[in-house]
Amino acid sequence: MSIPETKVAEVVAAVSDRMKDPMYAQLAVGTFVQAQPYLSKFLTAKMDRMGGGEAVIHAVFHAELLAECFRETHGGERVVGFEKLDETHGDEPLERLRAVEPALADYLQGNVDPPMRAVVAHVGLALASVYGA
């Protein structure tokens, strides 16, 4: 079952509200890094492709939002390992994500810059894989 558009909108609204706290973004990034060490290493390894360290922080933030959508829809935290990243590697990650999680793909299309969009879409595919989407 894919994540409903209403759930993505609900998570985005909640995150937007939390952004009023200047420390929230830092906390969200830190939470993701702790919970998803392999995805964090993957995103860091793509730093040059995405535009440097600041871009990685933005990518991690968006990846945390995707992870929150999965946690709220399917329950619990499921760690993505390198094997799932390998399994979900391939061309056109955004379009492949759209096939399994259209609402998440739409979120990325509208909110993530092209250089990092494909990388974050790959993260979304790996998350979908561990959550059985």
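Analyst: Buried means under 20% relative accessible area, exposed means over 50%, and partly exposed lies in between (1.4 Å probe, protein chains only). Ser 40 is a case here: its relative accessibility is 7%, so it counts as buried. The model is predicted, so local features need pLDDT of at least 70 and side-chain atom pairs pLDDT 80 or more, while totals for chains, interfaces and linings use all residues. Residues are numbered from 1 along each chain as its sequence is written, and side-chain values use heavy atoms, without hydrogens or water.

User: Where does Ser 40 lie, and which residues is it in contact with?

Analyst: Helices are DSSP runs of H or I with at least four residues, strands are E runs of at least two, and numbering starts at the N terminus. Ser 40 sits in helix H3. Contact means heavy atoms within 4.5 Å. Leaving aside neighbours within four places in sequence, Ser 40 is in contact with Phe 32 and Val 33.

User: Is Glu 68 buried or exposed?

Analyst: Glu 68 counts as buried, because its relative accessibility is 6%. Helix H5 holds this residue. Apart from residues up to four places away in sequence, Glu 68 touches Val 11, Val 15, Arg 18 and Tyr 24. Met 19 is 49 residues from Glu 68 in sequence, and their C-alpha atoms are 15 Å apart.

User: At what angle do the axes of H2 and H5 cross?

Analyst: Axes are lines fitted to C-alpha atoms, for helices over the stretch in contact, and angles run from 0 to 180 degrees between N-to-C directions. The H2 and H5 axes cross at roughly 75° and come within 9 Å. Under 35 degrees counts as roughly parallel, over 145 as roughly antiparallel, 65 to 115 as roughly perpendicular, and the rest as oblique. H2 is therefore roughly perpendicular to H5. From H2, the contact uses Tyr 24, Ala 25, Ala 28, Val 29, Thr 31, Phe 32 and Val 33. From H5, the residues include Ile 57, Val 60, Phe 61 and Glu 68.

User: How many residues of each class are in the contact of H2 with H5?

Analyst: Ala, Val, Leu, Ile, Met, Phe, Trp, Tyr, Cys and Pro count as nonpolar, Asp, Glu, Lys and Arg as charged, and the others, Gly among them, as polar. The contact of H2 with H5 has 11 nonpolar, 1 polar and 2 charged residues.

User: How do H5 and H8 pack?

Analyst: H5 (residues 53-74) and H8 (residues 102-111) pack at about 160°, with axes 11 Å apart. The two are therefore roughly antiparallel to each other. A crossing is left-handed if the near helix is turned anticlockwise from the far one by less than a right angle, and right-handed if clockwise. H5 passes H8 in a right-handed crossing. H5 supplies His 62, Leu 65, Leu 66, Cys 69 and Phe 70, and H8 supplies Leu 104, Tyr 107, Leu 108 and Asn 111. By class, the contact of H5 with H8 has 7 nonpolar, 2 polar and no charged residues.

User: What of H7 and H9?

Analyst: H7 and H9 pack at about 35°, with axes 8 Å apart. Their crossing is left-handed. H7 brings Pro 93, Leu 94, Arg 96, Leu 97 and Val 100, which meet H9 residues including Arg 117, Ala 118 and Ala 121. This contact has 8 nonpolar, 2 polar and 2 charged residues.

User: Which residues does Ala 118 touch?

Analyst: Not counting residues up to four places away in sequence, Ala 118 touches Arg 49 and Pro 93. Ala 118 is partly exposed, at 24% relative accessible area.

User: How many residues are in the largest nonpolar core?

Analyst: Nonpolar side chains tend to be buried together in soluble globular proteins. A nonpolar core is a set of buried Ala, Val, Leu, Ile, Met, Phe, Trp, Tyr and Cys residues joined through side-chain atoms within 4.5 Å. The largest one has 43 residues, and those with the most contacts inside it are Leu 39, Leu 43, Leu 104, Leu 108 and Leu 127. Elements giving two or more residues to this core are H1, H2, H3, H5, H7, H8 and H9. H5 gives the largest share, 11 residues. Leaving aside neighbours within four places in sequence, Leu 108 is in contact with Leu 66, Leu 94, Leu 97, Arg 117, Val 120 and Ala 121.

User: Where does Glu 92 lie, and what is its phi?

Analyst: Glu 92 lies in the loop between H6 and H7. Its phi is near 50°, a positive value in a residue other than glycine. Glu 92 counts as exposed, at 56% relative accessibility.
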